[in-house]
Amino acid sequence: MGSKEDGEAAAIKAAKKLLKKNSSSSMKLKQLVKEVVSKADGDGNDAKSVKKWIKKSDKFGVSDCGKYVSLAGSRAKKDDDSQKEDKKKRKRDEESEDSDGKKSATEKKNKKGKDEETDASDARPNTLIIDAPYIADLDGPGAIHSALDFDKTRSDSVTSGTGVESKADDDDEDPGKGLTTLCLFYQYVEPLWDVPTYHTAKEFAEAAGQKHGITGRMRVAREGLNCTLTGSYQGIRAWCREMRTFGDRDEFKKTEFKITDHLPRGQLFPKLNAFEVTEIVNYGFFFFFFFFLKK
């Protein structure tokens, strides 16, 4: 009997030493029993008895699944640490959910604001949504540049095609300084104009050009209009504004007229020509653009 008690005590002591040596103070019960039996070789301790002694001893703590064993104190500490870690994890998850919730609420608010802006925009009558800047002089989108900005030598004297003109006039009543203004643009229409509208568009553009002293070339087709025009500072702008009023479909409301002011007088076209064509753009016309701009 004493031998059995001594064997149990020895097994418990050996198990405690093995667990203390383990960095985690925990082992698989099966592995621990095996090593205890191995160390107590010759003492008559069998695996079944050792396992039973470990399970009933208050020196150890066995996991709920019965597969792992640790020292009773370290198990309590481990359980406490595990609970603390679980608590921290839950707190992090809650904070993350709060953050996601706030982010989602902000996104919803921004989306709602954008939707309201869109609704308000849709509610405004006669509002143009355009990519190019709105130019008051042109009553719509466009771009205006001055040739004097590209050639600083013209700031005091402006060179024409034949010689040097007089010093540029700084009078505010003549912002064009008595020089040439160029207008380039093309505008496709969808669906295509029918034949009567196509002829009406040509007549309208040509009549407005004559009215405002415009010269240059107009290519008019059922698919739209392509123009290279010259005239005075005010004349070009007046022609562009008048073109905005053409048609029941507001074909030229969003046209981006590209204006260059203060070109030499020698670059003024001698007369206005309007051509009826099948296509408003072709390679030959592009070469003409390049020749004119290079000139």
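**Helix α6**

I started with helix α6 (residues 195–211), which has 17 residues and reaches 24 Å from its first C-alpha to its last, close to the 24 Å expected at 1.5 Å a residue. That expected span is 1.5 Å times one less than the number of residues. Helices (H or I, at least four residues) and strands (E, at least two) are DSSP runs, numbered from the N terminus.

Housekeeping: this is a predicted model, where local features need pLDDT of at least 70, side-chain atom pairs count only at pLDDT 80 or more, and totals for chains, interfaces and linings use all residues. Residues are numbered from 1 along each chain as its sequence is written, and side-chain values use heavy atoms, with hydrogens and water left out.

Which residues of α6 are buried? I get Tyr198, Ala201, Lys202, Ala205, Ala208 and Gly209. Buried means under 20% relative accessible area, exposed over 50%, partly exposed in between (1.4 Å probe, protein chains only). Seen down the axis of α6, these residues fall within an arc of 140°, so they line one face of the helix; the arc is taken over the directions from the helix axis to the C-beta atoms. On the other side I find Pro196, Glu203, Gln210 and Lys211 exposed.

The cover over the buried residues of α6 includes β9 (215–221), β10 (224–231), α7 (233–243) and β12 (272–276); contact means heavy atoms within 4.5 Å. Just after α6, Gly213 has a positive phi of about 70°.

**The three-stranded sheet**

Next I looked up an open sheet of 3 strands, ordered β1-β3-β2 with antiparallel pairing. Two strands pair if DSSP finds at least two bridges between them. Its edge strands are β1 (26–28) and β2 (60–62), each pairing on one side only. β2 pairs with β3 (residues 68–71) over 3 bridges, and Val62 has Val69 of β3 as its bridge partner.

What packs on this sheet? Helix α2 (residues 29–39) does, touching β1 and β3, with its direction at about 90° to that of β1. Axes are lines fitted to C-alpha atoms, for helices over the stretch in contact, and angles run from 0 to 180 degrees between N-to-C directions.

I list Leu29, Leu32, Val33 and Val36 as the buried residues of α2. Down the axis of α2 they fall within an arc of 100°, so they line one face of the helix. The face turned away carries exposed Lys30, Lys34 and Ser38.

**Whole protein**

I noted 8 helices and 12 strands. Of the 295 residues, 35% count as buried.
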